[in-house]
Amino acid sequence: ECCAERRVRVDHPEGRVEHYEGRQCTERVVRTEWPDGKVQHYEGEKGAERLAREESPDGEVRYFEGDKGEERGVRKELADGEVRYYEGEQGAERMVRA
């Protein structure tokens, strides 16, 4: 059901903030900011948003591939510039090269 106003931001009681883009009734999550400073970026249409990138406050950036709920880590960029690559299914990713 469509709501009366376009959603652009939702502030949750635990401190998580979700940011939305899109037309009214088709808004999709594009970014979530966590109280610890972590920021997650999403891609995809409403209801199918998948985690694409996660930035940690320490400067680490992780990249993900896969459908919503099946995202798996494929690359990690460390704050010192080192890049690590991963293969495998969600939860069983293993580093294949750095």
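The model is predicted, so a pLDDT of at least 70 is needed for local features and 80 or more for side-chain atom pairs, while totals for chains, interfaces and linings use all residues. Numbering starts from 1 along each chain as its sequence is written, and side-chain values rest on heavy atoms, with hydrogens and water left out.

Start with the sheet. Strands here are DSSP runs of E with at least two residues, numbered from the N terminus, and two of them pair if DSSP finds at least two bridges between them. On that basis, 9 strands make up an open sheet, ordered β1-β2-β3-β4-β5-β6-β7-β8-β9, with antiparallel pairing. Its edges are β1 (9–11) and β9 (94–97), each of which pairs on one side only. Neighbouring strands are turned by 25 degrees against each other on average, direction ignored; the axes behind this value are lines fitted to C-alpha atoms, with angles between N-to-C directions that run from 0 to 180 degrees.

Zooming in on β3 (residues 28–33), its antiparallel link to β2 (residues 17–21) consists of 5 bridges. Tyr20 has Val29 of β3 as its bridge partner. The hairpin of β2 and β3 leaves 6 residues between the strands, and Gly22 adopts a positive phi near 120 degrees there. Cys25 sits in the loop between β2 and β3 as well, and Cys25 has a positive phi of about 80 degrees despite not being a glycine. Cys25 counts as partly exposed because its relative accessibility is 25%, given that buried means under 20% relative accessible area, exposed over 50% and partly exposed in between (1.4 Å probe, protein chains only).

Over to β4 (residues 39–43), which pairs with β3 in the antiparallel sense through 3 bridges. The hairpin of β3 and β4 has 5 residues between the strands, with Gly37 at a positive phi near 100 degrees.

That leaves the rings. A charge sits over a ring if NZ of Lys or CZ of Arg is within 6 Å of the ring centre and within 35 degrees of the ring normal. Arg7 places its charged end over the ring of Tyr20, 5.2 Å from the centre. Lys38 does likewise over the face of Trp34, at 5.3 Å from the ring centre.

Technical notes
Helix = DSSP H or I, 4+ residues; strand = E, 2+ residues; numbered from the N terminus.
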